[in-house]
Amino acid sequence: MGLRSHHLSLGLLLLFLLPAECLGAEGRLALKLFRDLFANYTSALRPVADTDQTLNVTLEVTLSQIIDMDERNQVLTLYLWIRQEWTDAYLRWDPNAYGGLDAIRIPSRLVWRPDIVLYNKADAQPPGSASTNVVLRHDGAVRWDAPAITRSSCRVDVAAFPFDAQHCGLTFGSWTHGGHQLDVRPRGAAASLADFVENVEWRVLGMPARRRVLTYGCCSEPYPDVTFTLLLRRRAAAYVCNLLLPCVLISLLAPLAFHLPADSGEKVSLGVTVLLALTVFQLLLAESMPPAESVPLIGKYYMATMTMVTFSTALTILIMNLHYCGPSARPVPAWARALLLGHLARGLCVRERGEPCGQSRPPELSPSPQSPEGGAGPPAGSCQEPRCLCRQEALLHHVATIANTFRSHRAAQRCHEDWKRLARVMDRFFLGIFFSMALVMSLLVLVQAL
């Protein structure tokens, strides 16, 4: 920067020292005009004829590119073209006196420039002015076009991520001149987007301009400023494909654990695997999101899905306990037999093999094991009947014992089958409930993308 200023100063010095014969007609007129204008000119003072007069500055901003949106640090980096126009009362001439020359281009450091800065600047570097030329017209109108890379603070609200919209303001105003000395106004109702380069992540909806006049506690005079509000909407396609759709598919897979047979041994494993997969996606989401009080929409969906999977896994464990109730378990309660094995089983079409849908086996009370009657057979050594008849009575006694034992075994087996059937009914019931919950939550989130 210092070398460039040195070369510029040297060029201006040579321009003053060159004889007029070395330049063309237009160059001689421009040199004469330059010498006449800057003979007694100073860039240190405000260029107004009356010190009580307000100098009007027109500000125009053209958005060229969105370089970066740092959501974690809440900093927006933009590439802008900034145009400032004002009237310098000491830089006027008659074009007829200089061969019709009505405009010249000179280095901006030679003229007075308004000290308009970005108020919400978020850069540690001191503000610097671009070393571009200004266009000076014969009526004193000065136009200064300069490119600028701005880093401004922007409050990022991620409550609706990844379907969020952000409003980032850029406030420009004079740093030392009050409203009675310098008045800044925007040109047009919004910034220009004619040369904007489309961003892959953000869609620009507009950049309206608004002028404000504020009075700060340090000073009594008002300070005008111009705020350009950049309206952004996130392009959510990448986040839907990479973060949302996998979670939707996993959440729809989780209720299928209720459809797995209990004898497969994979019901709990499926629930735990789905829970681990959701935890990995939750960590990936947390790395890209700034810490904020509001939880993003996709974060709420992840937490709701993880809660649902946790409850479904716990219910799967309870249902498996019902399925594996052994023959020694007590019979199914009467209310559960009537409500669950009766009405709910018919409604959910849970039936035995060969039983038509909509009908269920009528509830049967488990018969209690019967012990052989005491007088079924004669006691040993007390048989008074003939020997053949005594042996028949003993045989009947043993047959009755075997029948009672078989009846007790069938009753215990039927009790075990009732518990297994109750487990199937509960599996079918919770399959419908959790699958409906997962489908509704997924549709509520995906509808935001439409």
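**View 1. Helices α3 and α5 are roughly parallel to each other, because angles under 35 degrees count as such.** In this predicted model, local features need pLDDT of at least 70 and side-chain atom pairs count only at pLDDT 80 or more, while totals for chains, interfaces and linings use all residues. Residues are numbered from 1 along each chain as its sequence is written, and side-chain values use heavy atoms, with hydrogens and water left out. Helix α3 (residues 237-253) packs against helix α5 (residues 297-323) at an angle of about 20°, the axes being 11 Å apart. Axes are lines fitted to C-alpha atoms, for helices over the stretch in contact, and angles run from 0 to 180 degrees between N-to-C directions. Helices (H or I, at least four residues) and strands (E, at least two) are DSSP runs, numbered from the N terminus. The contact (heavy atoms within 4.5 Å) involves Leu243, Leu244, Cys247, Val248 and Ser251 of α3 and Ile298, Tyr301, Tyr302, Thr305 and Met308 of α5.

**View 2. Helices α3 and α4 are roughly antiparallel to each other, since their angle is over 145 degrees.** The axes of α3 and helix α4 (residues 267-288) cross at roughly 165° and come within 10 Å. On the α3 side the contact residues are Asn242, Leu243, Pro246, Cys247, Ile250 and Leu253; they meet Leu270, Val274, Ala277, Leu278, Phe281 and Leu285 in α4.

**View 3. Six strands form an open sheet with mixed pairing.** The strand order is β3-β5-β6-β2-β1-β8, where two strands pair if DSSP finds at least two bridges between them. β3 (103-107) and β8 (182-186) are the edge strands, each with a single partner, so one side of each has no neighbour in the sheet. On average, neighbouring strands of this sheet are turned by 30° against each other, direction ignored. Strands β1 (residues 55-70) and β2 (residues 75-87) run antiparallel and are joined by 11 bridges. Asp70 stands opposite Val75 in β2.

**View 4. Phe38 lies in the loop between α2 (25-37) and β1.** Phe38 counts as buried because its relative accessibility is 16% (buried means under 20% relative accessible area, exposed over 50%, partly exposed in between; 1.4 Å probe, protein chains only). Leaving aside residues up to four places away in sequence, Phe38 touches Leu91, Ile106, Leu110 and Val111. Of these, Leu110 is 72 residues from Phe38 in sequence, with a C-alpha to C-alpha separation of 8.7 Å.

Technical notes
Angles under 35 degrees count as roughly parallel, over 145 as roughly antiparallel, 65 to 115 as roughly perpendicular and the rest as oblique.
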